[in-house]
Amino acid sequence: MAEELILDTTLTKAEKYRQLLPQIEALTTGEPDLVANLANTAAALRQAFGFFWVGFYLVKNDELVLGPFQGPIACTRIRKGKGVCGSSWAQAQTLLVPDVEQFPGHIACSSESKSEIVVPILKDGQVVAVLDVDSDQLNDFDQDDQTALEQLMQLAATWF
């Protein structure tokens, strides 16, 4: 596949995901480099949906370390159980946060972030990374995002 996305802006969010996910799979299939695949995935998600921030944190030793992302500069390291990302890692489950100000222990990497979804990447039952997507709008994520991003992170697990 050429390094170009085909996106129909008239589609619903769920339809956009259905259009985008096979393109990300085609883009990453056969590419053995983890960083390249994570970087292109972050770029594709931001391009398709205009999210404020999209990126990955990788589990290294006993903390999450910033990986490929698209958006403003971000927190570099997050401890297990801290903030939305660290909590998603500790619980090994997706966290959908409609208002980050209401999340206990939220880490404000950017004051412009208003809502967030974090999806863990599981390899052999262990969290190896998390996908973090932030919006500058309240309540910007829903079940469509969760379903599609969880499906995408199942694909991402094969890159590790």
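Two strands count as paired if DSSP finds at least two bridges between them. On that basis, this predicted model has an open sheet of six strands, running β3-β2-β1-β6-β5-β4 with antiparallel pairing. The edges go to β3 (77–79) and β4 (95–97); each has a single partner strand, so one side of each is left without a neighbour in the sheet. From one strand to the next, the twist averages 25°.

Helix α2 packs on it by touching β1, β2 and β6, with its direction at about 60° to that of β2. Helix α3 (residues 83–91) also packs on the sheet, touching β1, β2, β3, β4, β5 (115–123) and β6, and its direction makes about 35° with that of β5.

As for α2 itself, its 16 residues (34–49) should span 22 Å at 1.5 Å a residue, and the end C-alpha atoms sit 23 Å apart, which agrees. Its buried residues are Asn37, Leu38, Thr41, Ala42, Ala44, Leu45, Ala48 and Phe49. Viewed down the helix axis, they fall within an arc of 165°, so they line one face of α2. Besides the strands β1, β2 and β6, that buried set packs against α1 (13–28) and α4 (143–157). At the start of α2, a side-chain oxygen of Asp33 comes to within 3.1 Å of the backbone nitrogen of Val35; after the helix comes Gly50, with a positive phi near 70°.

Over in helix α4 sits Gln146, which is buried at a relative accessible area of 18%. Beyond its neighbours within four places in sequence, Gln146 contacts Thr94, Leu96 and Ile117.

Note on methods
Residues are numbered from 1 along each chain as its sequence is written. This is a predicted model: local features need pLDDT of at least 70, side-chain atom pairs count only at pLDDT 80 or more; totals for chains, interfaces and linings use all residues. Side-chain values use heavy atoms; hydrogens and water are left out. Helices (H or I, at least four residues) and strands (E, at least two) are DSSP runs, numbered from the N terminus. The expected span of a helix is 1.5 Å times one less than its number of residues. Buried means under 20% relative accessible area, exposed over 50%, partly exposed in between (1.4 Å probe, protein chains only). The arc is that of the directions from the helix axis to the C-beta atoms. Contact means heavy atoms within 4.5 Å. A polar contact is a pair of N or O atoms within 3.5 Å; within protein, one must be able to donate a hydrogen and the other to accept it, and residues adjacent in sequence count only if both atoms are side-chain atoms. Axes are lines fitted to C-alpha atoms, for helices over the stretch in contact, and angles run from 0 to 180 degrees between N-to-C directions.
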